[in-house]
Amino acid sequence: MALLSVKDVCVGFGGSLLLDHIELHVERHERVCLLGRNGSGKTTLMKLINGEISPDSGAVARGQGIVTARLDQEIPAAITGQVIDIVYSGLAAKGNLLTDYHHVSARLAENQGKDSRLLARLDRLGQLLDAGNGWEIHRQVDHIIARMSLPADAEFQSLSTGMKRRTLLARALVSGPDILMLDEPTNHLDIEAISWLEGFLSDYSGTILMVTHDRQLVEKLASRIIEIDRGQLLDWSCDYATFLQRKEENMAHEEIQKQLFDKKLSEEEAWLRQGIKARRTRSQSRLKTLLKMRAQRRQRQERPGSVTMTLQPGQRSGNLVIEAKNIHYRYPGKQVINDFSTTIMRGDRVGIIGANGCGKTTLLRLLLGELTPQQGHVRLGTNMETVYFDQRREQLNPEKTVFDNVADGNDRVLINGISQHVIGYLQKFLFTAERSRTRVKSLSGGERCRLLLARLFTRPANLLVLDEPTNDLDIETLEFLEELLLDFQGTLLLVSHDRAFLNNVVTSTLVFGQKGQVEETIGGYDDWLRQKATLPSPANEKTRKKPAAKARPASIKLTFNEERELEALPGKIKDLEEEIKQLYQKMADPAFYRGSEREVRTANSRLQSLENESAAAYVRWEFLEERKGQTVTGKK
């Protein structure tokens with residue numbers, strides 16, 4: 001018998017139905033992943049199952065005694081108190097008995113459990129709470145807190161985002177739910193916390209129903225995929241990889257059927273326009289068929305449109321984008337960046353990963369020149385046009401409408417030299433004309449993310465800085481953003497906890513370690529894991545025999561001419577890039593191409609020569625700097 005049955009359920013909030021006569025049956029031990037576009041009704045369905053809202057029609061039936069619990073995608077701002085109290089509140093569905101139980105437990109703790117009347121009362125409360133014994137509840141809560149490594153006495157508001165999510169998960173688990181519902185459980189978690197959650201859920205024996213945009217989590221956990229598409233539930237009953245293959249085949253088949261139907265309808269419409277008399281029996285039948293086809297066409301729901309955002313390339317930056325040398329930065333009591341150096345060249349795609357609060361955003365601000373390092377220095381390249389996506393969406397004014405946040409008082413935006421009306425531009429980011437007039441504070445997380453992308457992509461850029469752009473986006477939009485970034489010809493700095501996104505987009509990764517150390521590796525997240533696995537563990541390092549003492553190293557000394565060349569190279573590179581910049585500005589003027597063909601060829605040839613000379617100068621500069629830093633064995 002199914003744990004849960006959703007039978008002929010309809011839900012709507014005005015307009016077309018969000019959930020249209022849906023059916024769903026969930027069995028014990030299943031791991032079901034709900035997929036669908038933002039706003040398709042995934043959270044609404046989970047609230048229905050959890051009894052938080054009622055359907056407009058139909059019924060949600062649970063087996064006798066079935067307990068459900070739901071982890072919301074957002075952390076409620078109003079939650080306060082100690083962790084242990086938050087976890088206990090997961091039993092609040094038992095009513096006021098829990099309050100009495102808490103009160104009696106506290107009094108017993110005061111007298112060290114010696115009051116027999118209180119012990120008896122505690123047992124009675126436990127029985128009413130279906131725990132069998134009052135002390136069993138206490139042991140259950142302690143077990144959950146220990147299993148999830150939570151600081152029981154810590155204040156909830158003092159915790160990191162990851163620990164808050166872990167506490168709320170413990171609250172959902174403490175009631176021993178038969179169905180655990182997780183709504184975007186990886187939102188705002190760092191990679192370490194996501195890996196912990198993945199392992200925990202892999203070992204969880206109950207039924208799981210989850211909504212997530214984390215593709216690796218879906219691949220690892222889901223045994224069944226349910227997709228919400230245009231108000232309907234599509235049960236794929238397979239893993240994620242099989243779902244992707246079947247969905248592509250299904251979409252292709254649907255498109256063929258739609259084209260055949262439209263062709264047939266077009267032929268019948270042409271027949272009607274020819275004026276064939278409809279009073280004959282055969283013609284009457286054909287006319288009825290045509291009317292029925294018209295009705296079917298009106299009722300057909302098209303697939304929701306896809307995001308069609310585009311990036312505006314800026315002018316070409318210099319070869320060097322950012323150079324950081326031995327930079328340090330600390331806050332009171334915490335070393336954030338410790339002796340970090342890197343060189344980022346044009347076209348690099350750099351991912352940045354680390355625990356929440358480790359300093360990833362601080363590193364971005366240092367690299368962009370918004371913060372000054374306390375030691376070391378940062379040098380920025382030339383012709384920089386930077387677009388910065390901040391994870392808190394602070395560039396959006398919550399009191400203004402979607403339209404005004406993009407337009408800044410105008411009706412049109414200029415995209416790649418073409419003027420577009422703001423409403424038409426916003427439709428490419430899935431905002432209808434009506435939704436464009438909504439205040440930002442009323443938008444969902446996914447809508448705010450798309451809006452900030454829409455606002456930023458009105459500006460040309462050759463350096464794109466994205467700080468947590470993937471939170472709240474559905475998988476389809478994530479994949480489109482990936483393709484967009486792969487086609488981007490400029491430089492990318494990306495902070496993300498989405499492992500698949502990092503793997504698919506970046507070419508190198510900066511990884512935060514302990515005490516402000518930042519390690520640079522080639523490739524994405526999985527590449528870093530492989531490289532990390534090949535390194536000796538600290539335990540092995542300790543037991544390894546120390547090498548014999550070596551002779552004192554001495555630096556290789558450059559020749560006099562090499563020293564002078566090294567000193568002159570930065571100025572030479574600067575002059576070359578300044579001339580390149582002037583040439584680009586000259587060639588960007590349409591009037592330039594109305595001159596002689598010889599002048600255009602000469603300018604193109606000079607530009608190519610300058611860029612080759614600039615690239616060679618960079619290579620020579622790096623070679624001399626590296627050689628200067630090398631050592632040879634010398635004598636004391």
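Student: What share of the 636 residues of the protein chain counts as buried?

Tutor: In this predicted model, 44% of the 636 residues count as buried. The chain holds 20 helices and 22 strands. Among contacts between residues at least 6 apart in sequence, 68% join residues at least 24 apart.

Student: Why is Ser 436 called buried?

Tutor: The cut-off for a buried residue is a relative accessible area under 20%. Ser 436 has a relative accessibility of 0%, and therefore it counts as buried.

Student: Where is Ser 436 found, and which residues does Ser 436 touch?

Tutor: Ser 436 belongs to the loop between helix H13 (422-427) and helix H14 (445-456). Leaving aside residues up to four places away in sequence, Ser 436 touches Thr 401, Val 402, Phe 403, Ile 423, Leu 426 and Phe 431.

Student: What makes the approach of Ser 436 to the backbone oxygen of Thr 432 a polar contact?

Tutor: A polar atom of the Ser 436 side chain lies 2.8 Å from the backbone oxygen of Thr 432. The limit for such a pair of N or O atoms is 3.5 Å, so the distance of 2.8 Å meets it.

Student: Why is the pair of Tyr 329 and Tyr 331 called edge-to-face?

Tutor: The ring centres are 5.4 Å apart and the planes stand at 80°. Pairing requires centres within 6.5 Å, and an angle over 60 degrees counts as edge-to-face; therefore this pair receives that name. The structure holds 7 aromatic pairs.

Student: Are Tyr 329 and Tyr 331 buried or partly exposed?

Tutor: Tyr 329 is buried, because its relative accessible area is 12% and the limit is 20%. Tyr 331, at 35%, is partly exposed, since that class lies between 20% and 50%.

Student: Why is the pair of Tyr 525 and Trp 528 described as tilted?

Tutor: The planes of Tyr 525 and Trp 528 meet at 45°, with the centres 5.9 Å apart. Stacked needs under 30 degrees and edge-to-face over 60, so the angle of 45° leaves the tilted class. Both residues lie in helix H17 (residues 525-534), 3 residues apart, which separates them by about one helical turn. Tyr 525 is buried at 6% relative accessible area, and Trp 528 is buried at 12%.

Student: How do you know that Arg 166 lies over the face of Trp 196?

Tutor: Arg 166 is 4.0 Å from the ring centre of Trp 196 and lies over its face. Arg 450 lies over the face of Phe 431, at 5.2 Å from the ring centre.

Student: What makes strand E2 and strand E4 edge strands?

Tutor: Three strands form an open, antiparallel sheet in the order E2-E1-E4. Strand E2 (19-26) and strand E4 (57-62) each pair on one side only, and they are the edge strands. The twist from one strand to the next averages 15°.

Student: How do you know that strand E1 and E4 pair?

Tutor: At least two bridges are required. Strand E1 (residues 4-11) and E4 are joined in the antiparallel sense over 5 bridges, so they pair. Ser 5, for example, has Ala 61 in E4 as its bridge partner. Helix H1 (residues 42-49) packs on the sheet and touches E1, E2 and E4, its direction making about 60° with that of E2.

Note on methods: Residues are numbered from 1 along each chain as its sequence is written. This is a predicted model: local features need pLDDT of at least 70, side-chain atom pairs count only at pLDDT 80 or more; totals for chains, interfaces and linings use all residues. Side-chain values use heavy atoms; hydrogens and water are left out. Helices (H or I, at least four residues) and strands (E, at least two) are DSSP runs, numbered from the N terminus. Axes are lines fitted to C-alpha atoms, for helices over the stretch in contact, and angles run from 0 to 180 degrees between N-to-C directions. Contact means heavy atoms within 4.5 Å. Rings of Phe, Tyr and Trp (its six-membered ring) pair if their centres lie within 6.5 Å; planes under 30 degrees apart count as stacked, over 60 as edge-to-face and the rest as tilted. Buried means under 20% relative accessible area, exposed over 50%, partly exposed in between (1.4 Å probe, protein chains only). A charge sits over a ring if NZ of Lys or CZ of Arg is within 6 Å of the ring centre and within 35 degrees of the ring normal. A polar contact is a pair of N or O atoms within 3.5 Å; within protein, one must be able to donate a hydrogen and the other to accept it, and residues adjacent in sequence count only if both atoms are side-chain atoms.
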